[in-house]
Amino acid sequence: MSLIWKYSFSRDKLPKNIDKPKVPYSLNDMAEDCVNILSALSIKKAHILGTSMGGMIAQLVAINYPDRCKSLISVMSTSGNPKLPRPSKKVIDGLIHQPKSSKKDDVIENSLMTRKLWSSPKYPTSEELLREKFSYRYDRMYYPDGSTRQYAAIGDDGDRTQRLQKISLPSLILHGDSDNLVPLEAGIDTHRNISGSKIEILEGWGHDLPEGMHEWIVDKIFNHIKSCEYNN
């Protein structure tokens, strides 16, 4: 497990005497899942949107299945470029910090503590609301191994810059200038590598989706989709 964590968060090459760890599933697998859902619902094409890791998956849907996409919307995500700034050690330590136990109260307290590291400074969320959300999340499915596997999939996919340059779909990149987990430079680099893409940056937005910025993000997404539909 420790090797998976190190591999997920380090862009340095693994030592020669250590094989690349095998991951249970990849981001490409999850992108394929998205397309299979569209097929199951008899949807030929859709506007593909994803946030954070979901943004990486959305990028891969656009790369691997362009005929199933009307457009791409990549939110607080990254190109995977190894030259990009990394999160601080404090943020990474917070991301992988484990609760005292698997009891609900301990898991919620750990989530509250770590969430502060990358929350939006200009759009705070009340502790009461966060507790409610974390409680719901725990009741719905508490499975910490899932997070480890997701981080491993991110590390395994690596640099997407060359692949992003193949995208010719209308693309919108949304990012905050206060994102401590996936720094703004990651969104800018995604924009730079997708020809014709548009980027919108919100001051004071971190790596979350607080209520205070919902109107802004909905407005940007709505206008993007409206433009795509009108032009087609």
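Predicted model: local features only at pLDDT ≥ 70, side-chain atom pairs only at ≥ 80, totals over all residues.
Arg-192 is exposed, with a relative accessible area of 56%.

The side chains of Asp-189 and Arg-192 meet with N and O 2.8 Å apart. Both residues sit in helix α9, which covers residues 184-193. They are 3 residues apart, about one turn of the helix. Arg-192 counts as exposed because its 56% is over 50%.

**A network elsewhere**

Salt bridges that share partners also join three residues, Glu-109, Glu-127 and Arg-131, into one network. The structure holds 11 salt bridges in total.

**A link between helices**

One of the salt bridges joins Lys-104 to Asp-139, at 3.0 Å from N to O. This pair links distant parts of the chain, 35 residues apart. Lys-104 belongs to helix α5, residues 104-115. Asp-139 belongs to helix α6, residues 127-140.

How exposed is each partner? Lys-104 is partly exposed, with a relative accessible area of 27%. Asp-139 is exposed, at 55% relative accessibility. The label for Lys-104 is "partly exposed" because 27% lies between the 20% and 50% limits.

**A buried pair**

Arg-160 and Asp-157 form another salt bridge, with their closest N and O atoms 2.9 Å apart. Here both partners are buried.

| Pair | N to O distance | Burial |
| Arg-160 and Asp-157 | 2.9 Å | both buried |

Gly-176 lies in strand β3, which runs over residues 171-176. Is Gly-176 buried or exposed? Its relative accessibility is 0%, so Gly-176 counts as buried.

Which residues does Gly-176 touch, leaving aside neighbours within four places in sequence? The contacts are Leu-184, Ile-201, Leu-202 and Trp-205. Leu-184 is also a residue of helix α9, whose range is 184-193.

Gly-176 and Met-141 are 35 residues apart along the chain. Their C-alpha atoms are separated by 29 Å.

Conventions. Residues numbered from 1 in each chain as written. Heavy atoms only, no water. Salt bridge = Lys/Arg side-chain N within 4 Å of Asp/Glu carboxyl O. Helix = DSSP H or I, 4+ residues; strand = E, 2+ residues; numbered from the N terminus. Buried < 20%, exposed > 50% of the residue type's maximum accessible area, 1.4 Å probe, protein only. Contact = heavy atoms within 4.5 Å.
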